[in-house]
Each structure stands twice: as structure tokens, then as C-alpha cells.
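This report describes a protein model for a reader who has not seen it before. It begins with the contact between chains and then turns to features within each chain.

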Amino acid sequence: MEDRLSIAGEDLLTITGLTKAYPGVVANDQVSFSIRPGEVHALLGENGAGKSTLVKMIYGLVKPDAGSMVLKGVPYSPAEPRAARAAGVAMVFQHFSLFEALNVAENIALGMENPPKMRDLAARIREVSQNYGLPLDPDQMVGDLSAGERQRVEIIRCLLQNPKLLIMDEPTSVLTPQEVSVLFQTLEKLRGEGCSILYISHKLEEIRALCDHATILRLGQKVATCNPRQETARAMAEMMVGEALHVPQKAPRIPQDVALEIDQLDVPARAAFGTSLKGISLSVQKGEILGIGGVAGNGQDELCSVLSGEALTAAEQVKLAGTPIGDLGPNARRALGLLAAPEERLGHAAAPDMSLTENALLSGAVREGLEHNGMIDWGKTRDFAQKIIHRFDVRTPSANTAARALSGGNLQKFVVGREILQNPSALVINQPTWGVDASAAAAIRQALLDLAAEGAAIVVISQDLDELMEISDRFAALNEGRLSAPVETSDLDVEKIGLMLGGASDTKAEQVSA
Amino acid sequence: MITLEKRPEPSKLWTAITPILAVVATMIAGGIMFAVLGKDPLVAIRTIFWDPLFNEQFAGFSRPQLLVKAAPLILIATGLAMGFRAGVWNIGAEGQYIMGAICGAAVGLAFYPTESFLIFPLMIAAGALGGFLWAMIPGVLKVKFHTNEILVSLLLVYVAEFILASMALGALRNPEGNGFPGSRNLKEYPSAFNAELLPNTGLHWGVVAAIIAVIFAYVLFSKHMMGFHIRLAGQAPKAARFGGVEPARLILFCLGTSGALAGLAGLFEVSGPAGQISIDFNVGYGFTAIIVAFLGRLNPFGILLAGLLMALTYIGGELASFMLGVPTAAIQAFQGMLLFFLLAVDVLTNYRIKFGTKGGGSI
């Protein structure tokens, strides 16, 4: 299109007029752009802008309805991922597909067409991991690896195919800052060797640091291209959203009584590869937001369920405003004012096949008085659902729509709004803006700040450190089931947080090898 | 090319019309099968679906049979649907049906020959209790030891069958029966007899209980928190726990209720149409009810219709094999087709068919 003149032979991949429609929605509408050899090309857009569909078409997972692609001057239309890989296109997904009970080399062998002997493969893995500065032991069980290390398994799996184009979907969402810098060094090295990288991320600062070009999608259409190094993060966010961005405001806070506390809590892991909580103590004051950072899988879900009442403990170990509640279930805690919003939207915070009205009843029955002696007041429930939809700008045809029909960001707004509108005295929220676009994320954060300003104690568990820096008063790191002592957020910078999170030997190893 | 495409939401329209579509498809495929067997397909279909209700010659006998056969199916299937919606798979309703019949009949026979209006209510309570307790065995084992309720409840059917045989030959045997197996006939014991409420309609207390159960289940599912929790637990177990559902309580409620309803069905059968505890007292209502529950979409009113339809194919099938000489196996195949087609067209609730998506993309 208008961005630059491209000679067919010069570009690695040229995409012309790619279109894909799903029932009721056009995911990609005439998208055209090209990727040069050895460039890091960012793909930006809100949730539902069509980024995933676009890369799935490039990787052969989805068939375009119209349009064409040219790879290295040859027409390219992969029927399946295997064809894409054979043509030199590899992809690292946001969610890993690894078997925890197998070791690294076995996992990699499983994805190969003709795997070599295990010993040769292990040697090659060592070689590649050294060349690219990605420390990894081929004999280690994947179940014992951190999220960052698991991602390395996926990356090395791709690198063994010598790709010409590497697609990465939200690669840094699960990484500590130190792990991010290791990843970036690897990507720089790959770029130096002429490999192109198509990079999807919501983290605009990263894109400014790493990428040469950015293509911006909105509602399935390409709306802009830019050089990220010459733009501010805010300008790019506004290009994505198509309107000016609202930045949450935090008011200063006066110390108050403790609202929610946990005392020396140990919880053994419930499942294999689950995380046990070890010696967790925390206290949150009224009106305070405690941020708990850390990479997913370090005890976040376990901590959230101990607070929500899905996992029970001795009564004295969890207290709400001085009342022991450790042995009370979720609804008894709700009655006392402690609410929770779990991370997993579909299947945990909301039932996928139930309507938004029914999902409003799911956690709102007790506090909103939606039932009397077990009989459900559907009229009142519908009003409550409508209120959530209206106040949190949930884009949905109606309150009767099934939860799974909503986009991730919209459902997240509904789930968060459902808890906030019940006016809790304490709220625990796990990954409040996970997978949510910039403007919706800002709205959710603002709502949390407003709730705290009204006197609620809030625990925000998040992987997004910028988010925690923005809204929390104090910060603690959760690592391998242990919670660090909380620190005033104003005394912190990203570097210090990274060290608090790292803790593990794995960070030190990176610094030595890097 | 024809492709299936997942709908963003389950279609309400298709949920409603798939059973009708399945019945029509069964009639067509069944008709072909009857034609291959050398029978006139139209006559066969008419014999199965029409004659039991409207034929001048047989309807007088077969029409009451419809309610008699449908009542236990509906009663059991309504209870099973609660469990199935919650993901609690009680496959052993047949056993609970037998135990309900034994307990209820035993209470009645214990009072023989005393006459009192209290005896029949006591028998009803005993029947429900028998089924309830028999279903509590897989329930408690599942809650305490995480055993699989499918296996335990199914295997207990065979245990119940042996208990039935031992009762018919031993403790409950008719002392005046000249040593023949089987209990006293309750038809000859007015206080314990579940008589027809209106002559020649087949309407007995079991039919009334089935209708009450359907209404009760409808209110439970649509208006009560327990029903909401049942649906929630079946669809999204993690969300159910988040919503405050206690899985153990739910499992015991579902198994207990379905067991009690199956026990009631057994009691009404033994005290009415069957009349006595005999070795071959059970005829598979407990298993057929599983089909009825699914045919009725696990919806109480759907089950009501499905139970009547299933009873109709039984009576009509008997009539067809008697009148036209259609083999019994063909009738069973015909009933099997019904479930098969229902499951097949069920796909359309969640998917839509799209023709010719290949290549021609212009938007």
C-alpha cells in the first residue's frame, strides 16, 4: 500500500488483501503489508483487532477467504502448519504446547518430522542454546521449568528448523524483566543473521525498543504503519484505539486499619506440577492496593483461591477486618464483604455457555439479594447484569448472550465489573487486565483505584509490572509459592522489581551467560 | 464442499426442533428398513405411531398402557436428568427401581392383612427410601473415596437383581403360593394396591407422581439456586466452586433424588401394574429412562414428551410385531435409530452447515 515502494524480490513476505470472515464478524479485511529480511516487524491492535487470525493465516492454521501471500518471491499458501514450517515460517505461541512429564529433548523431538537420535538431538539443543544465549538443559523435565524456560524450549524448537520468519505471539507476557532482556538479545542475534521476526505484543515500550516497523490493525483493517522508534507509546496506543487515551489517576492515601490479612499460611500443592504456598503472610489496609507481582504458575492461582474461599484453611489463618474466615466458603465470605475475580475468565470466573444474566447470578446472588430462600429473582438478576454491562461498557448484543460469545476483553470487563459493583470491603483480583486492550485496561485500573478511594482493601495479582507500578501502594513478589516482604511502590523501579521476582537461580544463570 | 462451522452461541431454535427432526428421520429410515423386510412401510409406521392410540380395535386396550409405561420412564428420567446436568452419572436407576419396589412391597406385605389408609403412604415412603439409600452407596463412595459413580451404580444393578431373586424365592414369597416364586399379589390387598384412579385410563398414582416430579424439576431448574448450581457444576466445575457450590453436597443431592424417584417408580409399578415381587419384575425401565432423559434434552417437559413417545414405540412395536410379524429386533433397531438420529441432528445446535466455502471468497 502507501507505506513504501517494495520490489517483489526484496521483501521476505508480502501479504496482499488478506481477508477472513467468521460468522458475524470480519476478522481481517483486505490486510496488506510486507516484511523485509532481517527486520523485527510489530503487529499492533486491540483485542479482537484481528492479529491472531492474521498470523494464523501466515502459519497455515487458518485459510484466508481472499487475498494472497508471496514468500521469498514465490506464491505462498500453506495448507497446514507443516507446510509453513517447510517454507521457513515458525511460530512461538502465547500458550505453550509442552508435556510436563517429558524432558526438554523429548518434547522437541515430538514436534519434529524425523527426529534424530536423542543424544544427537540433545547435542544440537545445547549448541543452539549456547549460540543464541538461551540457557537450557535438554535432560530437564519440562514440569520443573519456569515459564521463561518453557518459552525457550518453544523458541529452540523453532530455531532448529532454521526459520526465515519467526512469529511470536505475546512472548514477554510471562517473563520477568531479566528474562525479557535475555529474550531481546536472542532476537537481536537472530535479526543480525537475517531472520525476520513478526512480533505481537500489547507492551508498547517493548515494541519501541525492539521493532523496526509496526503495522497497526483496528477492527480487522490495517489503519496505520509507523516506525515505533519515532513514536511515543501513547501515540501508538491512540492509533490502535482510534481515540485519545485516558490515563488512570491515583490519589494520595492515609494509613488506615487492616482489612484483610493472612498469617503464616502453608498450603501443599493440590495437583502434580501445582505450586505449594510456603509461609505466606500479608496484610492489606482499608483503601490500600497491594500489588502482587510474579510470573504465572508461582502460586498466584493458589493464593487467589485461598482468599476467595475456594480453598479452605484453618479459620485463624485468613482474617477479614479481624474476623477469622479461613474455614468459610466463597458465599460466606461474600456475605462478609470479601470478593474475588479469578484469572481464568472462561470456565472459572464465568460459565462459558451461560448467559451474562446467569453469570451475574454466579457471584452476585448473595450480596445483591438475587435469591430469597433459594428462589431466584430473575428480574433483579437481569437488572444487575444490565448495570454491569452499562457501567463497564461491555460490548454485547444483550444480557442473554452466552459468555463465550464475548471477546476476552469484554468478558474481562464484565467479570471485573460484577465484583466491583457489589461494593466489596475487600477485593482480590488475579490478572485484572490480562489480554485486555489499552483503553479497557485503563478503565479497569481506574475502577480499582476508585474502589480503593472509597475504602476497599484490594489485592491485585498481576504479571504486568507496569500495571502494578501504576496502581498499587505496596508491592510484593510471589515466587515459587513464597511471598516477599511488601515494599512501598514509590521506592521501586522496574530493575528492583525484577530482582525481587527473580530470586530463583535461573536469573543468575542468565546474567552469567548473557 | 460442506463444512461445519461452530456457532458463537447454541441455537435456541435448533434445540427446540431437533427432537421433531429426529422423529421424522427415524420414520423415514425405519420405513426403509421395514420396506427391506418386505413390510409396507406406511402400514408399519401407522401401526407403531397411530394404532395404539386411535385404532378402534386395539386403542381401548393400548391407550391406558401408554400412561402405565410412560409413568415410570418419566419419573426415573426426571431424576436422572438432574444428575446428568450436573455431570453426575447415575447409570444404576434400574437397581434403585428394584430396591424401591422391594422395600415398598415389603412394608405393605408386613401389614397384611390389616386394612388402613395409612399403609399405602407408608409404602410410598419406603419405596422412595429404598431407592434413595441404594443410590447413596455410589454417592457416599464417590464423595469419600472418589470412586466412579458410573461403575458403582451400574454394578449395584446386578446386586439388586440378586436381592430381588432372593426376595421372590425367600423372605417375600407368598406363603399361600404353593411354593411358586413371587410374593402375594397386591391387587388382592386393597390397602396396598395402587389402583387406577379413573377406570380404563391407566392413570394411577405413579402417573400423578411423574407429573409432580416434572413440575418440581422445572421449578428447580428455572427458578431455584439448587437447579442453577446443578447446571453450573455440569457446565463449568471450576466456576461452580467459585460460585460457592459444594461438590459433595451436589453429588449426594443428585444421586439421592434420582434414586428416590427411581425407587418411587418401582413402588408404583410393583403395587399396581405388576402387582407382585417376582424374579423377572424389572423390565429395563431404569436403562430406557437414560435414553428418555437425553431424548427429552434433560428438560423436564421434554422428558414428559419423550417418555410418552418412548412408551408409544414400545406399545406400537409390540403391536407391529404381533399384527405384521415385524421381528422384535427390527423394533429395537427402530428405537435405537431414534436416539441415533437425535444425537446426529444435535450437532446442528452448536454448529451450522456451510456449503461451498472453498476458494470463492469475495466480500
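## Interface, strands and salt bridges

Across the interface of chain B and chain A, eight residue pairs are in polar contact, with both residues of each pair at pLDDT 80 or more. The elements of chain B that give two or more residues to the side touching chain A are strand 1 (2-6), helix 8 (205-223), helix 9 (225-235) and helix 10 (237-242). Helix 9 of chain B supplies the largest share of that side, five residues. By residue type, the side of chain B that touches chain A divides into 10 nonpolar, eight polar and nine charged residues. The structure is a predicted model.

In terms of contacts, 27 residues of chain B meet 38 residues of chain A. The size of an interface is often given as the accessible area lost when the parts come together. For chain B and chain A, about 2700 Å² is buried between them, with 62% of it on carbon and sulfur atoms. Two salt bridges are counted between chain B and chain A. In a salt bridge between B:Arg231 and A:Glu358, the side chains meet at 2.5 Å, N to O.

**Strands of chain A**

Strands of a sheet pair through backbone hydrogen bonds, either parallel or antiparallel. Strand 3 (residues 40-45) and strand 9 (residues 213-218) of chain A run parallel and are joined by five bridges. Within this pairing, A:Ala42 has A:Ala214 in strand 9 as its bridge partner. Strand 9 of chain A also pairs with strand 10 (residues 221-226) of chain A, here in the antiparallel sense and over five bridges. The bridge partner of A:Leu217 in strand 10 is A:Lys222. Strand 9 and strand 10 of chain A form a hairpin with two residues between the strands, and A:Leu219 in this hairpin takes a positive phi near 50°.

Elsewhere in chain A, four strands form an open sheet in the order 12-11-14-15, with antiparallel pairing. Strand 12 (277-285) and strand 15 (323-324) of chain A each have a single partner strand, so one side of each is left without a neighbour in the sheet. Strand 11 (residues 258-267) and strand 14 (residues 318-320) of chain A run antiparallel and are joined by three bridges. In that pair, A:Ile262 stands opposite A:Val318 of strand 14.

**Loop residues**

The peptide bond from B:Tyr112 to B:Pro113 is cis, with omega near 0°. B:Pro113 is in the loop between helix 5 (93-111) and helix 6 (119-145) of chain B. B:Asn200, which is not a glycine, has a positive phi of about 60°. This residue, B:Asn200, sits in the loop between helix 7 (149-169) and helix 8 of chain B, and B:Asn200 counts as exposed because its relative accessibility is 65%. B:Leu298 is also a residue other than glycine with a positive phi, near 60°. The loop that holds B:Leu298 lies between helix 12 (285-295) and helix 13 (300-323) of chain B. Is B:Leu298 buried or exposed? At 12% relative accessibility, B:Leu298 counts as buried.

In chain A, A:Asp377 is in the loop between strand 18 (375-376) and helix 12 (378-391). A:Asp377 is partly exposed, at a relative accessible area of 26%. Leaving out residues up to four places away in sequence, A:Asp377 touches A:Leu370 and A:His372. The side chain of A:Asp377 also reaches the backbone nitrogen of A:Gly379 at 3.3 Å.

**Salt bridges within the chains**

Side chains of opposite charge can pair when their charged atoms come close. Over all chains, the whole structure holds 23 salt bridges. Among them are the following pairs within a chain.

| Side chains | N to O distance |
|---|---|
| A:Asp393 and A:Arg395 | 3.1 Å |
| A:Glu470 and A:Arg445 | 3.9 Å |
| B:Asp346 and B:Arg297 | 2.4 Å |

A:Asp393 is partly exposed, with a relative accessible area of 38%, whereas A:Arg395 counts as exposed at 58% relative accessibility.

A:Glu470 lies in helix 15 (residues 465-471) of chain A and A:Arg445 in helix 14 (residues 438-453) of chain A, 25 residues apart. A:Glu470 counts as partly exposed at 30% relative accessibility, while A:Arg445 counts as buried at 13%.

B:Asp346 in helix 14 (residues 328-350) of chain B and B:Arg297 in the loop between helix 12 and helix 13 of chain B are 49 residues apart. B:Asp346 is partly exposed, with a relative accessible area of 25%, and B:Arg297 counts as partly exposed at 23% relative accessibility.

A network of salt bridges links A:Glu188, A:Arg191, A:Asp212 and A:Arg229.

Terms used:
Residues are numbered from 1 along each chain as its sequence is written. Chains are lettered from A and ligands numbered from 1 in the order in which they are written. This is a predicted model: local features need pLDDT of at least 70, side-chain atom pairs count only at pLDDT 80 or more; totals for chains, interfaces and linings use all residues. Side-chain values use heavy atoms; hydrogens and water are left out. Contact means heavy atoms within 4.5 Å. Buried area is the accessible area (1.4 Å probe) that two parts lose on being put together, summed over both. A salt bridge is a side-chain nitrogen of Lys or Arg within 4 Å of a carboxyl oxygen of Asp or Glu. A polar contact is a pair of N or O atoms within 3.5 Å; within protein, one must be able to donate a hydrogen and the other to accept it, and residues adjacent in sequence count only if both atoms are side-chain atoms. Ala, Val, Leu, Ile, Met, Phe, Trp, Tyr, Cys and Pro count as nonpolar, Asp, Glu, Lys and Arg as charged, and the others, Gly among them, as polar. Two strands pair if DSSP finds at least two bridges between them. Buried means under 20% relative accessible area, exposed over 50%, partly exposed in between (1.4 Å probe, protein chains only).
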